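Thanks for coming. I will go through a few side chains, starting with the aromatic ones, and then move to the core.

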Amino acid sequence: MAGVQSDVGDAIKSEISKELRDKANDFLNNKLKANNLVDIIAYLEENLNNKQPIISGILALEVVFNELLKRREFCQYVHMHKNALENNEQTAKSEALNKYCIWLRERYEEAMVLILKGIDSENDIESAQALSTCMKLLTVEGKYPLDGAEAQFPQLRLHNILQKLLSVDRLRLNTIQNLKDYAVYVDVVQHCWRLLQHNLLKKSTLKHETFALNFLELMHTLPVSKELFEQNKRLCSLSEKILPAYNVTRRHINKVWNNLMQCVGPDILEIVHKKVLIILLERILPHLDKPILLTDFLMDSLDCGGAVSLLALQGMFTLIQKHNITYPNVYEKLYSMFEPEIFHTKFKARLFYLADIFLSSTHLPEGLVAAFVKRLARLSIVAPPQDAVIILYFIGNLMMRHNGLRKLICAPNEIQVSRDPYVMEERQPAKANAMESSLWEIVALQKHALPSVAAAAKFIMQPIPKHEWDLSLVLEIKEDDIFDQEISKRCKQYAMAIEKSQALFLPKNDLFQQHWCLI
């Protein structure tokens with residue numbers, strides 16, 4: 001019987017120690033070396049208990065059981081029974097082989113328990129390798145089932161893997177991310193959603209932060225699209241009679257989401273609340289049968305403030321746009337979200353994107369739009385430079401849409417006032433007196449230290465353009481981008497009223513020498 005070394009990739013061979021590799025080869029080539037398998041399993045168990053490196057032991061077991069599954073050695077006794085002759089010698093061989101196959105199964109189950117335990121490793125590399133080995137053995141077992149039956153998806157194996165990933169003691173976010181490599185297979189996606197629906201969410205609630213974040217990260221890792229089912233790429237090649245269907249998976253998604261909503265309460269943690277909304281927007285919403293039922297949840301989320309309100313606003317926008325939901329205070333909510341704190345969150349680009357859509361209509365009251373313009377102008381004074389540029393372009397676009405706002409920069413009846421009539425603290429845009437004010441903030445920004453900000457603010461001194469600025473070009477600009485842009489410019493050299501030093505000593509009659517001495 002050929003050795004297994006020729007079938008093992010160079011990457012795996014380099015990770016397996018020579019001793020374990022020799023033991024694996026000897027066992028696969030000679031059934032009399034069965035104790036070698038026991039030694040490899042014991043090696044992995046000892047390293048797990050002592051928190052020693054486990055990758056070598058996991059890979060050795062992967063090689064062994066991958067080969068045994070392909071040889072169908074777990075089910076040879078079935079075929080032996082079918083072809084056995086009615087004599088004592090053949091009966092004895094059949095019984096011995098039967099015992100050996102049972103023993104192999106026991107060792108396989110024992111090894112799988114240890115490999116699954118490896119997912120709990122504090123080392124992300126070891127945890128990822130344990131997950132990879134479990135999925136590879138799941139794939140081979142699906143093609144060569146232990147009982148010798150036709151190929152079938154090992155749902156129990158996948159269930160055990162998901163249970164390990166959904167730990168209540170430790171965050172498994174990095175390990176769950178590695179499951180993305182298998183989320184391209186339609187059978188894995190469908191069975192994961194089915195298992196999440198039936199077995200896993202009932203064991204805990206979103207009140208447990210660690211479990212909740214692991215569960216939500218797992219949901220985020222399982223994308224569903226009709227293209228995925230049209231490609232029909234499967235991890236386990238099964239009979240064409242059993243094809244994963246989008247409608248079936250969609251039902252599973254709806255049941256998982258309904259169970260999830262039952263766990264959401266008023267005391268939900270903010271970090272969990274944000275993750276739920278992100279998954280709703282990016283994964284779940286297009287597949288819900290009755291998205292209108294989200295209205296109460298989203299309206300309650302709008303009152304939470306911060307990033308939660310912003311994400312809920314995007315969900316409400318989808319319901320308004322696609323499902324004809326009406327929300328009378330949507331502009332007041334949007335107006336209240338423009339606070340200085342928004343510039344220090346990763347969702348600020350999303351806010352400007354939504355504001356641009358909500359304020360895109362030219363039929364909105366000018367007083368309402370003027371309140372947004374004035375609030376943005378006031379925030380541009382305290383905003384970081386890259387955000388000030390976004391605000392200035394956005395204000396310019398709003399003024400192009402509403403010609404009546406030009407009175408904010410060229411009032412027909414100019415008067416002197418002791419204070420700005422605009423009330424920043426007013427939460428209702430219509431009562432903020434924005435139309436009685438002016439955009440003096442933009443005039444002040446024309447003296448900004450950064451040329452890019454000062455240049456953007458000078459648009460009010462020129463005729464308003466006819467074509468709007470594309471905000472997508474500046475939404476993702478960072479401070480480093482502005483810095484790189486400035487230092488890349490070629491600047492003129494100016495004469496300085498100093499005497500350039502030609503040596504290590506200071507120039508003569510220097511003021512520094514008059515008041516300080518170098519020791």
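First, a term: a residue is called buried under 20% relative accessible area, exposed over 50%, and partly exposed in between, with a 1.4 Å probe and protein chains only. This is a predicted model, in which local features need pLDDT of at least 70 and side-chain atom pairs count only at pLDDT 80 or more, while totals for chains, interfaces and linings use all residues. Residues are numbered from 1 along each chain as its sequence is written, and side-chain values use heavy atoms, with hydrogens and water left out.

Now the aromatic pairs. Rings of Phe, Tyr and Trp (for Trp, the six-membered ring) pair if their centres lie within 6.5 Å; planes under 30 degrees apart are stacked, over 60 edge-to-face, and the rest tilted. That rule gives twelve aromatic pairs. Why is the pair of Tyr-100 and Trp-103 stacked? The ring centres are 6.1 Å apart and the planes are at 25°, so Tyr-100 and Trp-103 count as stacked. Both sit in helix α6 (residues 88–118), three residues apart, so about one helical turn separates them. Helices here are DSSP runs of H or I, at least four residues, and strands are runs of E, at least two, numbered from the N terminus. Tyr-100 is buried because its relative accessibility is 14%, whereas Trp-103, at 21%, is partly exposed.

Phe-459 and Trp-469 give an edge-to-face pair, with 5.7 Å between centres and 80° between planes. Both are in the loop between α22 (451–457) and α23 (479–487), ten residues apart. Phe-459 is buried at 6%; Trp-469 is partly exposed at 27%.

There is also one aromatic cluster made of Tyr-335, Phe-338, Phe-352, Phe-372 and Phe-394. The charged end of Arg-375 sits over the ring of Tyr-335, 4.7 Å from the ring centre; the rule asks for NZ of Lys or CZ of Arg within 6 Å of the centre and within 35 degrees of the ring normal.

Next, the core, meaning a set of buried Ala, Val, Leu, Ile, Met, Phe, Trp, Tyr and Cys residues joined through side-chain atoms within 4.5 Å. The largest nonpolar core has 160 residues, and Trp-193, Met-219, Leu-280 and Ile-395 touch the most other members. What does Leu-280 touch, not counting residues up to four places away in sequence? The list is Trp-257, Leu-285, Leu-288, Leu-294, Phe-297 and Leu-298, with contact meaning heavy atoms within 4.5 Å.
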